[in-house]
Amino acid sequence: MQIFRGFHHPGVAPASAVTIGNFDGVHRGHQAMLALLNNEAQHRGVPSCVLTFEPHPRDYFAKIARRPELAPARIATLRDKLTELARCRVDQCVVLPFDARLSSQVPEAFIDGVLVQGLGARYVLVGDDFRFGARRAGDYAMLDAAGAAKGFDVARMNSYEVHGMRVSSSAVRDALARGDMDATAALLGRAYSISGHVVHGRKLGRELGFPTVNLRFSHWKPAASGIFAVLVHGLSSEPLEGVANLGIRPSLDPNDANGGRVLLETHCLDWPAHLGREGGYGKIIRVELLHKLHDELKYEGLEALTRGIARDCEQARAFFASTRRQTTRDRI
């Protein structure tokens, strides 16, 4: 998949089949929409194109209003969103910066400047609640009329349901907020995961006897938080069982090496000897969050923190042992 920041690049296809949205999480509803988009693109002999935004428009308006509580919790980083879009076999993705200029653009200007001139839209697919343009003045009827006048087809996809429940990014956020990782996986069609480069931290974990590999979650408000039993991909030939803390580490100084930013800190229950003490840094790993153990806790002192981590490791080992027993029974 080709990725472009904006559409003013010579590599952007001169004609395409386009869908528009934030695609946070790339859940099963998104996946169904992208499958339809790819099919329509193939019939027209043009590439499929996802038009998405960074930051999320609601992030932008929350910042302008100085009301951070209005910003949606983020399911996925931009990196993980792009990875999942590529897995859905999208040909190109155009990421538009959502800023003052775009937010004030009237619907007609968005259609002419972005869809027609920028992306050469031959087909535009949107969701059933799609709105666009300044003050969300544009709707499906306006887009459909513009398509008839300007030579591109417009289609609308109804909600996607699983067991009678509408699949949406909001539903995924709710499941993550509850710590219900099974419901999250059902909505996503896969285990919830976070990926990125392993970064340096305070290195306190190794002093306590629990070394970690750390990933930054590049948004201040993750949809999930707490302590999880996880699988780590990318450090060894096989996924490694571990326990991870996703959050701001309330037991530590907020002025630590990562500046109080959100981190996913993962301790592998059995650290691969071939990696050594420094083996994880710089590697790209993916951490699957399989089961929530509990919310983040604030410990009074390093001894209490060490005991807490040890309990988390015991609970994670118990979870994986139970999972293996259940898998064995299913095979029998």
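The model is predicted: local features need pLDDT of at least 70, side-chain atom pairs count only at pLDDT 80 or more, and totals for chains, interfaces and linings use all residues. Residues are numbered from 1 along each chain as its sequence is written, and side-chain values use heavy atoms, with hydrogens and water left out.

**View 1**
Arg-190 sits in the loop between α8 and β9. Helices (H or I, at least four residues) and strands (E, at least two) are DSSP runs, numbered from the N terminus. Arg-190 counts as buried because its relative accessibility is 18%. Buried means under 20% relative accessible area, exposed over 50%, partly exposed in between (1.4 Å probe, protein chains only). Beyond its neighbours within four places in sequence, Arg-190 is in contact with residues including Gly-25, Val-26 and Gln-31. Contact means heavy atoms within 4.5 Å.

Val-26 lies in the loop between β2 and α1. Its phi is near 45°, a positive value in a residue other than glycine. Val-26 counts as buried, at 1% relative accessibility. Arg-66 belongs to the loop between α2 and α3. Its phi is also positive, about 55°, although Arg-66 is not a glycine. At 77% relative accessibility, Arg-66 counts as exposed.

**View 2. Strand β3 and its parallel partners.**
Strand β3 (residues 48–54) is mostly covered, with 6 of its 7 residues buried. Two strands pair if DSSP finds at least two bridges between them. β3 pairs with β2 (residues 16–20) in the parallel sense over 4 bridges. Here Ala-17 stands opposite Ser-48. β3 also runs parallel to β4 (residues 92–97), joined by 6 bridges. In that pair Thr-52 faces Val-95. β2, helix α1 (residues 28–44) and β3 make a right-handed β-α-β unit. Right-handed means that, with the strands pointing away from the viewer, the path from the first strand over the helix to the second runs clockwise.

The peptide bond from Glu-54 to Pro-55 is cis, with omega near 5°. Pro-55 lies in the loop between β3 and α2 (57–65).

**View 3. The open antiparallel sheet.**
Six strands form an open sheet in the order β9-β14-β11-β12-β13-β10, with antiparallel pairing. β9 (193–197) and β10 stand at the edges, each with a single partner strand, so one side of each has no neighbour in the sheet. The twist averages 30° from one strand to the next. Angles run from 0 to 180 degrees between N-to-C directions, with axes fitted to C-alpha atoms, for helices over the stretch in contact. β12 and β13 run antiparallel and are joined by 6 bridges. Asn-245 stands opposite Glu-265 in β13.

**View 4. The largest nonpolar core.**
A nonpolar core is a set of buried Ala, Val, Leu, Ile, Met, Phe, Trp, Tyr and Cys residues joined through side-chain atoms within 4.5 Å. The largest has 33 residues, among which Tyr-192 and Leu-289 touch the most other members. α7 gives the most to this core, with 4 residues.
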